[in-house]
Amino acid sequence: MKVGFIGAGRMATALAGGLISSGFTSADNVCASDTYESAREKFNQETGADTLTSNITVAEQSDIVILAVKPQQLPGVLQELKGTITHKQLLVSIAAGSPLALFLETLGDSIRVIRVMPNTPCLVKQGASAFARGGKATEDDASLVDSLLSTVGIAVEVPESQLDAVTGLSGSGPAYVYQIIEALSDGGVRMGLPRHIATQLAAQTVKGAAEMVLETGEHPGALKDAVTSPGGTTIAGIHALESGGLRSSLMNAVAAATQRSIELGKKS
Ligand SMILES: NC(=O)C1=CN([C@@H]2O[C@H](COP(=O)(O)OP(=O)(O)OC[C@H]3O[C@@H](n4cnc5c(N)ncnc54)[C@H](OP(=O)(O)O)[C@@H]3O)[C@@H](O)[C@H]2O)C=CC1
Ligand SMILES: O=C(O)[C@@H]1CCC=N1
């Protein structure tokens, strides 16, 4: 199974790196094209897979073609691939916002296309991805994409109408969590911890709390209550977070990013 990436940037590198290190496919069966030389070099160094300058050659050589250019670059790339992408390849787009209808309108409605929203932790096999299928994509195509994404994290199939919200939550979400980790580390440094220890403790705390939610299946509120002793330290910290509007800020972040995904879809 040959997997080709059109666009060899950050997300393509994360996804390809995860697919190769998980054994889903070998570096020999992966290739990528990019207009930007340093992106090609970085992709090649980090994944061991070949890179080319021609999008058409990558598409011709691949069974699965993953479109990993920015949404604004997608219409030009689709024009270029007209006639090369047929029902023979499975087309996968990871572009935020870009609707399935765009691919069918440009390439014809006989194509097999699946729209995916992954996230960068795919690189360390902790991705959270959702996908929706369109055109003539079959049950087998959906299973293939599900197993491809499942080698680098979790994957769920959703109606296409939910993919903008997925983008606002888990697509962009790693950036929110990095900000939270950075801020927790800053808090530790402010209280006298060395930076490297503060960052390590902050990141492991986020990882551990996330594992607790996923493994116990408990409501996050119940897990929060279990940390919070009456008159103790945690409730003092939680009160400070509530005063700063943490939960409202995170809900607003998901809504703003979802809205932006919708806007990107209208422009493409
Ligand atoms: N980064 C993330 O966390 C996530 C990104 N995505 C989606 O993945 C896609 C890629 O994002 P990301 O990896 O961050 O972006 P990058 O900018 O890192 O990667 C895109 C690459 O495609 C290159 N490119 C531009 N035009 C063409 C072309 N005509 N042919 C071939 N290559 C081209 C770009 O070059 P140049 O820089 O010169 O334009 C760039 O190197 C986007 O659509 C984004 O919405 C989805 C989920 C998460
Ligand atoms: O910021 C972006 O537009 C992309 C899509 C989701 C994550 N990164």
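Which residues surround ligand 2?

**Figure 1. The surroundings of ligand 2 in a predicted model.** Ligand 2 is surrounded by A96, T167, G171 and S172, where a residue counts as near a molecule if its C-beta atom, placed from the backbone, lies within 6 Å of it. By class, this shell around ligand 2 holds 1 nonpolar residue, 3 polar residues and no charged ones; here Ala, Val, Leu, Ile, Met, Phe, Trp, Tyr, Cys and Pro count as nonpolar, Asp, Glu, Lys and Arg as charged, and the others, Gly among them, as polar. Residues are numbered from 1 along each chain as its sequence is written, while chains are lettered from A and ligands numbered from 1 in the order in which they are written. This is a predicted model, in which local features need pLDDT of at least 70 and side-chain atom pairs count only at pLDDT 80 or more, whereas totals for chains, interfaces and linings use all residues.

**Figure 2. The shell around ligand 1.** Ligand 1 is surrounded by 28 residues, of which G7, G9, A39, A95 and A96 are the closest. Two elements, helix 1 (10-21) and helix 4 (74-81), each give two or more residues to this shell, and the largest share, 3 residues, comes from helix 1. Divided by class, the shell around ligand 1 has 15 nonpolar, 10 polar and 3 charged residues.

Figure 3. The chain is divided into domain 1 (3-160) and domain 2 (173-264), with bounds that come from an automatic or database domain assignment. The centres of the two domains, taken over C-alpha atoms, are separated by 32 Å. In the region where they touch, 6 residues of domain 1 are in contact with 5 residues of domain 2, contact being counted if the C-beta atoms of two residues, placed from the backbone, lie within 7 Å. On the domain 1 side, the touching residues divide into 3 nonpolar, 3 polar and no charged.

Figure 4. Helices (H or I, at least four residues) and strands (E, at least two) are DSSP runs, numbered from the N terminus, and the chain has 12 helices and 8 strands. Helix 9 (residues 195-216) has 22 residues and should span 32 Å at 1.5 Å a residue, which agrees with the 31 Å between its end C-alpha atoms; the expected span is 1.5 Å times one less than the number of residues. Helix 9 is followed by G217, whose phi is positive, near 70 degrees.
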